[in-house]
Amino acid sequence: MDTVVVVPQKRSEDADLRGSAAETRVLDALVADVRAGRGRSLALHGESGTGKSRLLDHLEERGGGMRILRVNGVAGETELPFAAVQRLCAPLHGKLGHLPPTYRDALAVVLGLRDGPVPSPVHVGTAVAGLLARVGGAGAMMCLLDDAHLMDRASRTSLAVAARRCGGRTAFVFALPDAARFGELRRFERLTVLGLSAPEAHALLATRLHAPLDPRVRDRMVAEARGNPRALLDAARSIGPTEMAFCTPDEPRLSLSADWETALNTALHGLSAPARDLLVLAAAEPFGESVTVLRAAERLGIGRDAVDEIEATGLLALTPHVRFATPLLRTATYARAAVAQRRRIHAALAGGMPTEEAPERRAWHRGQAAVTLDEAVAAQLQDAAELTDGLAAGATTAALWELAASLTPDRQTRALRLLAGARVRHRTGSLRQALHLLADVHTAPLPALERAQAAVLLAQTRYGVHRDTAAVRSLNEAARHAAVSGHRHIRDVSALDALTAQIFAGRLHPPQEAVAGAAGMRTESYGTQLPETRALLLQALHTRTRHGYGPAVPLLRRAVDAHLAAGLPSQPHPDTNGNWLLCHAAVDVWDAAAWETIAEWTVAAARATGATSVLPAALVHQAFADLHRGRLDVAAARVSEAEAISATIGAVSPGHAVLTLTAWRGDRDRTEALAAACRRDAEARGEGRLLSTVEYAQAVLHNALGDYARAFELTGTAMALDEPAFRPWLLPERLEAAVRTGHVQEAEAVAERLATCARLTDTDWARGIHLRALALLADDTRADALYRCSAERLDVAGAELQAARTRLLWGEWLRRNSRTVLARIPLRAAHETFLGAGARAFAERAAGELAAAGFLPESGVSGTRAALTAQEERIARAVAGGATTKEVATALVLSPRTIDAHLRSIFRKLGVSSRRQLREASVLPPEELRSRVEITGRRASSPPRRREGSAPGHAGTA
């Protein structure tokens, strides 16, 4: 696509076409019409924030092969004649010489290339139409004009003239709030961009808020947004995922637009004092309940006149529900209120609520109205916090605990309430806020049990935020103190956390601290306080780290089975690391189904209960399970969400997941850049496990590219470490690299490890990889059957990419053993899998092998045939079908010499040297059709045709 970027260029910040199916169908039809030579002009209109810019992005994405000009209006240029025309045409001024003199001179004046009187918009528009026709030639062209209402009138009129005069293969699309306001655009076809429906708005909101909100708050936000996606997302950003569900923050996170800022200032200056109180009262009530607001208004002596006065401004409607004109108005209104005014408002809201109705809201308003320390109010807030805890209202619960602590006169009671709030903040992902609360707890007098709990929570939170050597040291210290504290539950949980940290630290963890941390993990006490799953997990991991893989497998299996037998938890276990370690245990026993289930359960429970801190790690495990099954796009979406949540809660970003997906996609430059960044991060934080992940990801990339020596070099250190949950990933990479580089003894050692894994776990995943190892090391008499069995086992295991890699190696082996025709079958299956998954480097490797085997992959791929132009592909098909150079030249209206030139290019790109080879590359022989079901497990789409002279039953030997 030939796109001319004309700055300043507007791009949609939230690239989401949710709810725009009808609009995109119309735009897709427009693109099709333009390609067919039926040029159209369209005015795309709808209120600001409904997604017009994103729809223009969609047009640009659909305009592959077209020349696209895009420019947007700028408010500061509305008084500058022809400013937008100048920005649109400036990159094209080299073609002015082809225009008739009158129009050339008019446009030259506009572009500042010559002096002269200001031309008329009609002349300029006609000149623009001629210029675009010259530039576009016989190709299709689109002009996308965003924020056309902000363009100067002369530009808008000129471009409207150009749009009417440009036909054929040119389209103009104007985007603006209201096309009817501008006479020059009234005659154009109009497409109204409608807002989101309520279900679509709720779905969009769910993608941006990672912690549960009270359903009434969600309904109010959706209603106030009135289907406007930008307003809804602004509302989501203004409260944040860890804010209290029914509390407006003191300072808004986002500013109002200039128009709404002006409207609010004007209203506040013109309103009476009772009306201003009513406005703040409406902002302080979270659910938009008009009865609650009006009841509180009566207590403040606010009458009906104030209601009429406030509704006349258009900022607020009070019946049947309280609705602000836009969600950010609520936040801005509350933020501008004076402290004394807020206290009066909250006191009225608390007094207007019956005692038995919404005790947490009544307590909250009483707390906000308090002027000084008040134990009675603090006790009510504590009761409300205990009432809401565990009800998917974590942010609400934390805010209630914190407000209770702020009103508590007794130091110890205050510290206990802060500790309770810190626990909830940690669980819901407000890690830095939890650290802030724990800093106050640290200096307060606490009973021994609570002091031990605070020490463990502080270490856990520091680790969640920093995940560095100092945080690991804190966890080890907490585990040692807990081991002698006499509080078994705290001891066992802290031991699990410390062990997790040591696994993460890996090769960079100081050996003396690893020994010290392990000293507190006495196996005789396992299971006394922890649930069965966690007790088994702790014992299994202790065995894994101290005694190796083999003795740990039965214990790991028991821990995984115990967790699955317990069923879907109603909420994730409070020790975040336990969920992460259970997923790793499933991977270590090569059980992909259990791994996927545990990750899915953890994500579901975390979403339902607002345990945001659990989500990033669980989402990454889901992403890796998707990668295992060949769903790279789904995996990328999960990693993107994990990144967003980590950034929101202040946790370490899952850069290793981004790196791994990028490596599998085969993006060499980006993989190396990400690997370098992750390596620096790992060394700075002392996270050795991340270094092993970096080496694994790079090994995948280099094996895909055929750089086996580099892959072998990269996997050496991690192989020696044998870290938990790395065998299924690392051993296949090490084995392939060792075989290809002639390190036979190392390859045999890796195969022996795989044999141990297959014997101990007895899963199709492990068996399939072990069979592939045997095939790579086998002689020619056994390899064929071993490859076949490996592919079948991995298919059953759902290991799509690994099954494809087996078929790739199988096809390479067949081709190198002069079984070229049969090699095409597994190679084609592998190529299709890699291509569908987006694993480009492996797809290109498979395509190269196919070309060497004399087969041309399907068009439109990133493999061999992708190098052919459309014309070359037509010529290749014709020649492969038996046409002569002269016949092809006549059919395509080209000279025979041109056809010969194209053929030389085709031969070079496909790695063939004759027409015969080209024909063989394009014909599907009978042997392939007969054998396809044996190798790929898929039936041929049509019955095999027998070659002349071949035996009817001949089917090859594969």
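Trainee: Which residue follows helix 21, and is its phi positive or negative?
Mentor: Arg467 follows helix 21, and its phi is positive, near 45 degrees. Keep in mind that this is a predicted model.

Trainee: Which residues of helix 21 are buried?
Mentor: The buried ones are Ala452, Ala454, Val456, Leu457, Leu458, Ala459, Gln460, Thr461, Tyr463 and Val465.

Trainee: And what should helix 21 span at 1.5 Å a residue?
Mentor: Its 19 residues, 448–466, should span 27 Å. The end C-alpha atoms are 27 Å apart, so the two values agree.

Trainee: What about helix 20, how many residues does it have?
Mentor: Helix 20 has twelve, residues 431–442. From first C-alpha to last it reaches 16 Å, close to the 16 Å expected. Leu431, Ala434, Leu435, Leu437, Leu438 and Val441 are buried there.

Trainee: Back to phi. What is the phi of Asp762?
Mentor: Near 50 degrees, a positive value in a residue other than glycine. Asp762 sits in the loop between helix 37 (744–761) and helix 38 (764–777).

Trainee: Is Asp762 buried or exposed?
Mentor: Asp762 counts as exposed, because its relative accessibility is 52% and the cut-off for exposed is over 50%.

Trainee: Where is Ser818?
Mentor: In the loop between helix 40 (800–816) and helix 41 (820–837). Phi of Ser818 is positive too, near 60 degrees. At 64% relative accessibility, Ser818 counts as exposed.

Trainee: New topic. How many helices and strands does the protein have?
Mentor: There are 47 helices and eight strands. The protein has 958 residues, and 55% of them count as buried.

Trainee: What share of the contacts between residues at least 6 apart join residues at least 24 apart?
Mentor: That share is 68%.

Trainee: Which residues touch the most other members in the largest nonpolar core?
Mentor: Trp595, Trp765 and Phe834, out of 146 residues in that core. Helix 33 (residues 688–705) gives the largest share of this core, nine residues. Apart from it lies another core, of 38 residues, among them Cys89, Ala148, Ala162 and Phe174.

Trainee: What does Phe834 touch?
Mentor: Leave out residues up to four places away in sequence. Then Phe834 touches Leu801, Ala804, Arg805, Leu808, Ala839, Phe842 and Ala843.

Trainee: Arg805 is charged. Which network of salt bridges is it in?
Mentor: The one that links Glu733, Glu736, Arg740, Arg805, Glu812 and Arg845.

Trainee: How many salt bridges does the structure hold?
Mentor: The structure holds 43. One of them joins Glu375 and Arg417, with the closest N and O atoms 3.0 Å apart. Glu375 lies in helix 17 (residues 375–388) and Arg417 in helix 19 (residues 411–428), so the pair ties together parts 42 residues apart in sequence.

Trainee: Is Arg417 buried or exposed?
Mentor: Arg417 is buried, with a relative accessible area of 4%.

Trainee: Which residue does Asp764 pair with?
Mentor: Asp764 forms a salt bridge with Arg793, and the closest N and O atoms are 2.9 Å apart. Asp764 is in helix 38 and Arg793 in helix 39 (residues 783–797), so this pair ties together parts 29 residues apart in sequence.

Trainee: Now Trp401. Where does it lie?
Mentor: Trp401 lies in helix 18 (residues 394–406). It counts as buried, at 9% relative accessibility. Beyond neighbours within four places in sequence, its contacts include Gln382, Ala385, Glu386 and Arg417.

Trainee: How far apart are Trp401 and Asp383?
Mentor: They are 18 residues apart in sequence and 9.3 Å apart in space, C-alpha to C-alpha.

Trainee: Last one. What is the nearest side chain of opposite charge to Asp152?
Mentor: Arg87, but it is 6.8 Å away. Asp152 is buried yet has no salt bridge.

Trainee: Which backbone nitrogen does the Asp152 side chain reach?
Mentor: That of Ala83, at 3.1 Å. Asp152 itself lies in the loop between strand 4 (141–146) and helix 6 (153–165). Beyond its neighbours within four places in sequence, Asp152 is also in contact with residues including Glu77, Thr78 and Leu80.

Conventions. Residues numbered from 1 in each chain as written. Predicted model: local features only at pLDDT ≥ 70, side-chain atom pairs only at ≥ 80, totals over all residues. Heavy atoms only, no water. Helix = DSSP H or I, 4+ residues; strand = E, 2+ residues; numbered from the N terminus. Buried < 20%, exposed > 50% of the residue type's maximum accessible area, 1.4 Å probe, protein only. Lys, Arg positive; Asp, Glu negative; His and termini not counted. Salt bridge = Lys/Arg side-chain N within 4 Å of Asp/Glu carboxyl O. Polar contact = N/O pair within 3.5 Å; in protein donor to acceptor, adjacent residues only side chain to side chain. Contact = heavy atoms within 4.5 Å. Expected span 1.5 Å × (residues − 1). Core = buried A, V, L, I, M, F, W, Y, C linked by side-chain atoms within 4.5 Å.
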